[in-house]
Amino acid sequence: MPDTRSSSTHDTQGRPLVAVTGLGIVTSLGQGVAENWNALTAGRSGIRAIRRFPTEGLRTRIAGTVDFLDTDPLVAPLLSERFATVAADEAVAQAGIGSAFPGALFVAVPPVEMEWPQREALAEAAGSNDGEITYSDLQRSAASRRFDAWHDLFIFGTVADRLADRFGTRGSPISLSTACSSGATAIQLGVEAIRRGEMEAALCIGTDGSVNPESLIRFSLLSALSTQNDPPDGASKPFSKNRDGFVMGEGAAAIVLESAASARARGAAILGYVLGCGEKGDGFHRTRSSPDGAPVIAAMRAALADAGLTPEAIDHVNAHGTSTPENDKMEALGCSAVFGDRVGQLPISSNKSMIGHTLTAAGAIEAVISLLTIRNGRIPPTINYAIPDPALLLDVVDRTRDMRVSRVLSNSFGFGGQNTCLVLGDEP
């Protein structure tokens, strides 16, 4: 029989409590926890005109790019690796857990494919007398071994392999991609592994450096992006009546998870806890959510049940809040179903108003911000909330709000119906 009494090391279901001992973050607002937290609580935006590539003729010309870190070549896998390394360096150093990490690596990375400059170089090397390039031509070009480094670079697991080598994590690193819930899923996998007793610690990372022409055009063709380019910092406006789409962003966050027993035994400072995780798949559509909101509602309720909490225990919702007309409506509907009449007095905020939608990294970045909210008793604002949507009966935090926050529900809802929610808290 499980012990139904919680303790300093186990929850009410007798499972090891999962503590957070290290945090790291990089976004368009800056590098590191301190720089990001100061910018977020000041209501500063990191969204700007794109300078990385030409945008003439594009409907959307803005993004939350991390312009102070770059790579050569400037491609998504290398950018994602660099952002992840910066964030993980900070988190592992704060945890003080040792030079060889005593647990596994779970990393959320964007889907990987060769980008246009590399495709063009491969096609040019393939050549052809009649101007037609066949698959055989491309195979012959690849067989020259000139492009072996690119082959390694554009394999899905390469980023995780390199991070595992750098931080000395144990076992095979886990790479995952569950759309916009990926960062939260990485944390969930770490939590579950510790609860099962497979390891005492886990390094969980969400990273994304895929602001490139092809990604921007693809999202634009889905009519998912904001076209309100001027001013850039006013485009992302979650829960506002005049919202018209999300703004792409990039960055990374890393979280060091440990069993509470292990953290206490080595005298580590505990920064918070991951109390519950909930997920629910939605097979309704490749991009749209089910109109009744049932999967979103189920994911939130599952996270609360996993944490052993009722809705009344939640002090704040860190919203998925993309600023698309449909997502914000669906999230408001889901919150109303879960929290009932209390939804109008429950503070809700979206970090994406300032950093854009960091896609694969979003769930991890927003988990870090949620933990900082708990530690500092301060909720960052949802900026650009000038015209509230009267159909969404929410308490949207439009100015930095100081209040005691013990429990946060952090929502991540991805394309393809991949919904993951986390409950983060202080002392259980």
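Tutor: Buried means under 20% relative accessible area, exposed over 50%, and partly exposed in between (1.4 Å probe, protein chains only). The model here is predicted: local features need pLDDT of at least 70, side-chain atom pairs count only at pLDDT 80 or more, and totals for chains, interfaces and linings use all residues. Residues are numbered from 1 along each chain as its sequence is written, and side-chain values use heavy atoms, leaving out hydrogens and water.

Student: Why does Glu366 count as buried?

Tutor: Because its relative accessibility is 1%. Glu366 sits in helix H13, residues 362-376. Helices (H or I, at least four residues) and strands (E, at least two) are DSSP runs, numbered from the N terminus.

Student: With which side chain does the side chain of Glu366 make a polar contact?

Tutor: With that of Lys352, at 2.7 Å. A polar contact is a pair of N or O atoms within 3.5 Å; within protein, one must be able to donate a hydrogen and the other to accept it, and residues adjacent in sequence count only if both atoms are side-chain atoms.

Student: How many residues of strand E8 are buried?

Tutor: 9 of its 9, across residues 251-259. Both faces are covered: Ile255 and Leu257 are among the buried residues on one side, Ala254 and Val256 among those on the other.

Student: How does strand E1 run against E8?

Tutor: Antiparallel, joined by 8 bridges; E1 spans residues 18-27. Gly24 stands opposite Ala254 in E8. Strand E7, residues 201-208, also pairs with E8 in the antiparallel sense, over 8 bridges. There, Cys204 has Ile255 as its bridge partner. Strands pair if DSSP finds at least two bridges between them.
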